[in-house]
Amino acid sequence: VSGGELARVLAAGGDAARVVFSGVGKRVAEMEAGLAAGILCFNVESAAELARLAQVAARMGRRAPVSLRVNPHVDARTHPYIATGLAGSKFGIPHTEALALYRHAATLPSIAVTGIDCHIGSQITDLGALVEAATRVFELADLVEAAGIPLAHVDLGGGIGVRYRDEAVI
């Protein structure tokens with residue numbers, strides 16, 4: 001999620017081609033570092049970030065591999081401070097706007113659309129929320145591919161929460 005983390009991965013001998021650069025507020029220098037290293041994918045959070053990445057990649061003579069982080073409008077049923085999948089969340093591209101942004105991204109010469117991702121929150125213990133998010137994301141992926149935009153991967157992000165002690169579920 002940061003240029004510092006990317007630098008640590010590379011310093012430790014990690015394979016840049018297996019790195020997915022997520023996180024909000026990616027700076028131009030971080031985008032440049034990811035492109036120079038040859039990362040697998042940038043998870044793009046917004047139309048503005050897509051435009052900025054397209055400019056950086058064009059200036060560098062590269063094609064940036066991207067996956068759009070879609071906000072599927074799903075209640076993760078976790079703590080409100082770590083829930084990120086509802087329409088009111090500031091994270092990701094609204095589900096209702098994603099197909100249009102995919103169509104736009106596919107026209108940008110310095111962008112290579114490679115996937116779709118979402119992250120509805122952390123410490124999720126209700127599997128129904130994850131199934132609901134996956135269903136919405138796969139339905140959108142079908143629409144994206146029907147529009148002639150092939151996707152190489154789906155990233156459902158987050159994960160199943162861990163209970164560290166016997167806790168009442170409310």
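I began with the pairing of E5 and strand E6 (residues 153-155): the two run parallel and are joined by three bridges. Strands count as paired here if DSSP finds at least two bridges between them. Helices (H or I, at least four residues) and strands (E, at least two) are DSSP runs, numbered from the N terminus. From E5 the chain passes through helix H5 (residues 127-146) to E6, a right-handed β-α-β crossover. Right-handed means that, with the strands pointing away from the viewer, the path from the first strand over the helix to the second runs clockwise.

A note on the source: this is a predicted model, where local features need pLDDT of at least 70, side-chain atom pairs count only at pLDDT 80 or more, and totals for chains, interfaces and linings use all residues. Residues are numbered from 1 along each chain as its sequence is written, and side-chain values use heavy atoms, with hydrogens and water left out.

**Strand E5**

I checked the pairing with strand E3 (residues 64-71) next. E3 and E5 are parallel, with six bridges. Proline 65 sits opposite alanine 112 of E5. Is E5 buried or exposed? Seven of the seven residues of E5 (residues 111-117) are buried, so the rest of the structure largely encloses this strand. Buried means under 20% relative accessible area, exposed over 50%, partly exposed in between (1.4 Å probe, protein chains only).

I followed the chain into the loop between E5 and H5, where isoleucine 124 is found. Isoleucine 124 has 0% relative accessibility, so I logged this residue as buried. Isoleucine 124 and isoleucine 160 are 36 residues apart in sequence, yet their C-alpha atoms are 5.2 Å apart in space.

**Surface patch**

I found a nonpolar surface patch of about 230 Å², made by Phe138, Val154 and Leu156. Patch residues have over 30% relative accessible area and no salt bridge; like charges are joined within 9 Å, nonpolar side chains (Val, Leu, Ile, Met, Phe, Trp, Tyr) within 5 Å. Areas come from the Shrake-Rupley method with a 1.4 Å probe; for residues, only the protein chains shown count as cover. Leucine 156 is in the segment after E6. Leucine 156 is partly exposed, at 34% relative accessibility.

**Aromatic pair**

I looked for aromatic pairs and the structure holds one. The ring centres of phenylalanine 21 and phenylalanine 42 are 5.9 Å apart and the planes are at 20 degrees, so the pair is stacked. Rings of Phe, Tyr and Trp (its six-membered ring) pair if their centres lie within 6.5 Å; planes under 30 degrees apart count as stacked, over 60 as edge-to-face and the rest as tilted. Phenylalanine 21 is in strand E1 (residues 20-21) and phenylalanine 42 in strand E2 (residues 41-44), 21 residues apart. Both phenylalanine 21 and phenylalanine 42 are buried.

**Salt bridges**

My search of the whole structure gave four salt bridges. Each needs a side-chain nitrogen of Lys or Arg within 4 Å of a carboxyl oxygen of Asp or Glu. One of them joins glutamate 49 to lysine 26 at 2.6 Å, N to O. Glutamate 49 is in helix H3 (residues 47-60) and lysine 26 in the loop between E1 and helix H2 (28-37), so this pair ties together parts 23 residues apart in sequence. Glutamate 49 is buried at 2%, and lysine 26 is buried at 3%.

Another links glutamate 32 and arginine 59 at 2.5 Å, N to O. Glutamate 32 lies in H2 and arginine 59 in H3, so this pair connects parts 27 residues apart in sequence.
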